[in-house]
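Try each task before you read its solution.

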Amino acid sequence: MAALTPASLAAIARLRAYKPPLFSTWDRLPLSRRAAVLILLFADRRGDLRVVITMRAMTLRNYSGQAALPGGKADTLTESPWEIARREAWEEIGLPEDDSKIPAPFRIEHLCQLPFSFAKTALAVRPCVAFIHTAPSGSTSSTASSTVGESMIPKLDAKEVSAVFSAGFHNFLREQDEVREGQEVPGSRKDWYKGHWIPWYDGRWRMHNFYVPITNQKVSRPKRGIEEGEEIEDDMKRYTVWGMTARILVDAARIAYGEEPEFEHNSHYGDEAIIEVLQKAGRLGEKIPGGPDLTEPMAHGLCI
């Protein structure tokens with residue numbers, strides 16, 4: 001297998017060195033407003049970085065049938081974002097929480113955390129970035145990268161995940177598919193990206209839509225079969241990654257590669273200014289199960 005490319009090594013180093021700004025508002029948020037996601041990176045056979053993405057089950061209340069990063073809500077006020085992300089990754093894709101239970105030659109390195117994003121369901125979401133090393137500590141080889149999907153993600157929970165796939169990490173800075181020699185993608189390379197601006201809390205938010213090819217990779221499915229009401233479209237050639245998930249991946253790639261995207265984007269990272277204003281205005285109190293999230297009229301009444 002190839003060693004990590006110079007660009008991949010530099011990206012890992014930048015992420016490892018990144019420190020998000022302090023954000024004390026998180027400590028004042030109730031349990032029901034706290035969440036985290038895991039940006040799980042690994043190297044492919046060429047030494048390029050890829051990121052693990054899931055398709056949420058159709059039976060879920062929120063974001064059913066949508067692409068997402070492994071993650072979810074906090075269980076306790078003492079749970080850190082990294083602990084939330086690791087626990088949810090275990091529940092969703094079978095990634096062991098206990099590092100000692102991760103099979104050799106793999107190991108997980110927690111690289112950094114990104115500024116908080118604000119979910120449509122009014123949650124403060126901390127992205128946590130990690131890298132799956134596939135060689136002993138200190139080595140830059142990616143000797144077992146071809147078995148990451150088979151050995152590191154062996155079990156899926158059909159209650160939450162209907163599929164697990166991956167995408168080229170650097171491609172989240174490009175307007176077209178990045179195609180390596182010998183690779184093919186369905187349709188045109190221009191099918192990769194579409195974007196537009198939407199109103200968002202008295203400002204503008206770039207809605208990114210990435211169409212990830214899945215014909216050139218193995219897509220993992222639940223081992224226990226499909227739940228009632230769940231449908232799998234075997235003829236799909238691309239999965240759509242959009243909304244907050246897409247925004248988080250763009251931010252992460254900007255930091256990792258030290259580049260700005262080819263497409264228009266928000267210049268800031270995350271949504272911490274929005275979260276702070278809402279918290280100070282008393283809009284992020286304890287969520288009532290089944291109750292309404294923040295509404296558009298309420299959002300437009302805020303000045304940020």
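**Exercise 1.** Find how many residues of strand 7 (residues 124–133) are buried, and sort them by the way they point.

*Solution.* Start with burial, meaning under 20% relative accessible area (1.4 Å probe, protein chains only). Ten of the ten residues in strand 7 are buried. Next, follow the directions: Ala124, Arg126, Cys128, Ala130 and Ile132 point one way, while Val125, Pro127, Val129, Phe131 and His133 point the other way.

This is a predicted model, where local features need pLDDT of at least 70, side-chain atom pairs count only at pLDDT 80 or more, and totals for chains, interfaces and linings use all residues. Residues are numbered from 1 along each chain as its sequence is written, and side-chain values use heavy atoms, leaving out hydrogens and water.

**Exercise 2.** Work out which strands pair with strand 7, and in which sense.

*Solution.* Strands are DSSP runs of E, at least two residues, numbered from the N terminus; two of them pair if DSSP finds at least two bridges between them.
- Strand 1 (residues 34–43) runs parallel to strand 7, with eight bridges; Val37 stands opposite Pro127.
- Strand 5 (residues 107–113) is antiparallel to strand 7 over six bridges, and His110 has Ala130 as its bridge partner.
- Strand 6 (residues 117–118) is also antiparallel, joined to strand 7 by two bridges; here Ser117 stands opposite Val125.

**Exercise 3.** Locate the residue with a positive phi in the hairpin of strand 6 and strand 7.

*Solution.* Look between the strands, where the hairpin has five residues. Ala122 takes a positive phi near 65°.

Definitions and conventions: Buried means under 20% relative accessible area, exposed over 50%, partly exposed in between (1.4 Å probe, protein chains only). Helices (H or I, at least four residues) and strands (E, at least two) are DSSP runs, numbered from the N terminus.
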